[in-house]
Amino acid sequence: MYLKLAWLNLWRNKRRTIIAITSVFYAVVLSVFMTSLQMGTMNQMVANVAGAYSGYIQVHQKGYWDDQSLDNSMVTNDALANTIKQAPDVDESVPRLQSFALASSGNATKGVMITGIDPIKERKLVNLEPKIIRGKYFGSDSEQSVILASGLADYLKLKINDTIVFLGQGYHGSSAAGKYSIKGIIKLVSPDLNKSMAFMPLKTAQALFSTPAMLSSYAIVIKDVDGIDRTLAYLKKNMDTSKYEVMDWKQMSPELDQAVKGKMASGSIIEGVLYMIVAFGIFGTILMMTTERTYEFGVLVAIGMNRRRLALVTALESLFMSFLGVLIGYVASMALVLYFVHYPIHMTGALAKSYEQFGLAPYIYTAFQFSIFYNQAIIVFVISVLICLYPLSKILKLKPVEAMHGE
Amino acid sequence: MNVIDINNVSKVYHDNAIPVPAVTDVTLHFTEGEFAALVGPSGSGKTTLLNIIGGLDKPTKGEVIIEGQNVTSLSDSKMIDFRLQNIGFVFQAYNLIPVLTARENVEFIMLLQKRPKAEREKRVAELLKEVGLQDKMDTRPNEMSGGQQQRVAVARALASKPKFILADEPTANLDSKSAANLLDIMSEMNKNENITFIFSTHDSRVIERAHRVITLTDGVVSSDVLQK
């Protein structure tokens, strides 16, 4: 009957209960949405750089990262490739050869980053094919063609089947020069990359730079982003670290790591403020409920209901209320977050430009991670349960005569 | 044997540190089966005395002994349990639990006493029949008249099989017919089942029906009269 009494009591003052449930509901929705936006933005920042270009982990010849020249590139090595493949959570190791060159067409020239890619394996990382806005993807790993980022193609005024000339320095000071037809033009999300990237098949790039069978890096595609540390530890343990270096995205992009940490810290402060606002909202309702029912509590103690049982019924009411608010909020926030996962908020104007300056797409994304939903739901539930300790403390100290006299 | 012994009980409240005596040196004894009324004007101390008898308030001085047990020395939590097992309450404002039906309100006390379900159901049916509400068992308080609610309150007070019932102005909110009906029921229970009733009242209808009328004036017993 205590459960029934608590449930029925909950609906005695529908308006009050709905206000309380709504407070909890908004608390869950707002905290989930805020955290999801924060995580989404961070994930996007990392994904823009690591997930969609560099890979979350890279393996290089030792010393390459500090001096990124072709002279520090490594010889293709089956044993190394196998070690990488056997590491936990590794989906693919994508071989690349990268170097700078001067790109020229007509009277226009521009410094570009040339990336030689394995057309098949690269599908799992940069995956150029869906980004192609004109032309086609590579048909083989040795064809004499390039795919240009659209910003670069526009700058050089190049179209499909036009010819581009690259001039640069190859392995050990040799000259690197070649002309290639434009096979495709892609649109990259990061505006900086979109203005400077050129891709060619790996063997074509190795021929251009006189580095046959050599690579700048293995960019590693992992199945579970949360498992980076596991993969990293395996590789460090099983590779010859006197010859090779293994780096995760945090080491390769420390500025990005700092930005992520900064964003998390500021997000935590905002979340804290939000929790306080929500806590006061719920507390107000609970305070109102306690004051309104003090007389009744007095009567119940007078007729012989001991305070612990009364506290139990009141606690059950609060639990029902919090649980309902959390449950509805949980479902609603899932729907809300899911909507923005599919339709991210598109920014315009100065805000969009500031995002682009940082090399980010002008979108605010939300992250759909179950951990966000249940973490926030648990936090709000705990807050509301803690607040409900107030009526319990009042009940445990209640004097029936004073309560019935409204003292 | 006395059911209640009130020995030299005084209660002093403090209003901004100024002592305000509510009852002074009251000594009364109630035997089983009494139908007694504590009367007096507002502020005479009758509700305070009723609260002290019921263990809702503690006297500043003196003691209350219920069937040999000195209840003034009981802790708060033991007193709550003592009330549950020994004392029935009827309030002026009925004070039923609004979300429960008549049946559930009466059953609630027995549930607190942890009585078996079959016993609860049997007694609820008997009591509601006794107070003439067998057809209102599944009705909620807000769907009943004041008189009906007060009859449920009497049934609730009796449900725990208490040693006596304390009724604070039970007819104050009732019309004449409902008040008469309620008094008939309580009278019958007193006569047939020897249940002790102690009222605090200034309702002449209750005073007329009481067998014993104790008058309080400024917290002091000014008269204690037995009447037919």
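**Figure 1. Helices α3(B) and α4(B) cross in this predicted model.** The axes of α3(B) and helix α4 (residues 117-130) of chain B come within 9 Å and cross at roughly 130°. Axes are lines fitted to C-alpha atoms, for helices over the stretch in contact, and angles run from 0 to 180 degrees between N-to-C directions. α3(B) and α4(B) are therefore oblique to each other. Here angles under 35 degrees count as roughly parallel, over 145 as roughly antiparallel, 65 to 115 as roughly perpendicular and the rest as oblique. From α3(B), the residues Ala102(B), Arg103(B), Val106(B), Glu107(B), Met110(B) and Leu111(B) take part. They meet Arg120(B), Arg123(B), Val124(B), Leu127(B) and Leu128(B) of α4(B). By class, this contact has 7 nonpolar, no polar and 4 charged residues. Nonpolar covers Ala, Val, Leu, Ile, Met, Phe, Trp, Tyr, Cys and Pro; charged covers Asp, Glu, Lys and Arg; the others, Gly among them, are polar. An α-helix has 3.6 residues a turn, so residues three or four places apart point the same way.

Residues are numbered from 1 along each chain as its sequence is written, and chains are lettered from A and ligands numbered from 1 in the order in which they are written. As this is a predicted model, local features need pLDDT of at least 70 and side-chain atom pairs count only at pLDDT 80 or more, whereas totals for chains, interfaces and linings use all residues.

**Figure 2. Chain B meets chain A.** In this view, 19 residues of chain B are in contact with 15 residues of chain A. Contact requires that the C-beta atoms of two residues, placed from the backbone, lie within 7 Å. On the chain B side, α2 (76-86) and α3 (102-112) are the elements that give two or more residues. α2(B) gives the most, with 5 residues. The chain B side has 12 nonpolar, 4 polar and 3 charged residues.

**Figure 3. Helix α1(B) is largely enclosed.** Helices (H or I, at least four residues) and strands (E, at least two) are DSSP runs, numbered from the N terminus. In helix α1 (residues 46-53) of chain B, 8 of the 8 residues are buried, so the rest of the structure largely encloses this helix. Buried means 20 or more other C-beta atoms within 10 Å of the residue's own, exposed means 12 or fewer, and partly exposed lies in between, with C-beta atoms placed from the backbone. Among the buried residues are Lys46(B), Leu49(B) and Ile53(B). α1(B) lies across β1 (2-15), β2 and β4 of chain B, at about 120° to β1(B). Just after α1(B), Gly55(B) takes a positive phi of about 75°.

**Figure 4. Four strands of chain B form an open antiparallel sheet.** Their order is β2-β1-β4-β5. β2 (18-31) and β5 (69-70) stand at the edges, each with a single partner strand, so one side of each has no neighbour in the sheet. Two strands pair if DSSP finds at least two bridges between them. Strand β4 (residues 61-66) is joined to β5(B) by 2 bridges. Ile65(B) has Asn70(B) as its bridge partner in β5(B).

**Figure 5. Six strands of chain B form an open mixed sheet.** The order is β6-β7-β8-β3-β9-β10. β6 (87-90) and β10 stand at the edges, each with a single partner strand, so one side of each lacks a neighbour in the sheet. On average, neighbouring strands are turned by 20° against each other, direction ignored. β3(B) and strand β8 (residues 196-201) run parallel, joined by 5 bridges; Ala37(B) has Phe199(B) as its bridge partner in β8(B). Strand β3 (residues 35-39) also pairs with strand β9 (residues 212-217) in the parallel sense, over 4 bridges. There, Leu38(B) partners Ile214(B).

**Figure 6. β9(B) and β10(B) form a hairpin.** β9(B) runs antiparallel to strand β10 (residues 220-226), with 6 bridges between them. Val213(B) stands opposite Val225(B). The hairpin has 2 residues between the strands, and Asp218(B) takes a positive phi near 50°.

**Figure 7. Ala153(B) sits in helix α5 (residues 146-159) of chain B.** Ala153(B) counts as buried because it has 28 C-beta neighbours inside 10 Å. Beyond its neighbours within four places in sequence, its contacts include Val90(B), Phe91(B) and Tyr94(B). Ala93(B) is 60 residues from Ala153(B) in sequence and 9.7 Å away in space, C-alpha to C-alpha.
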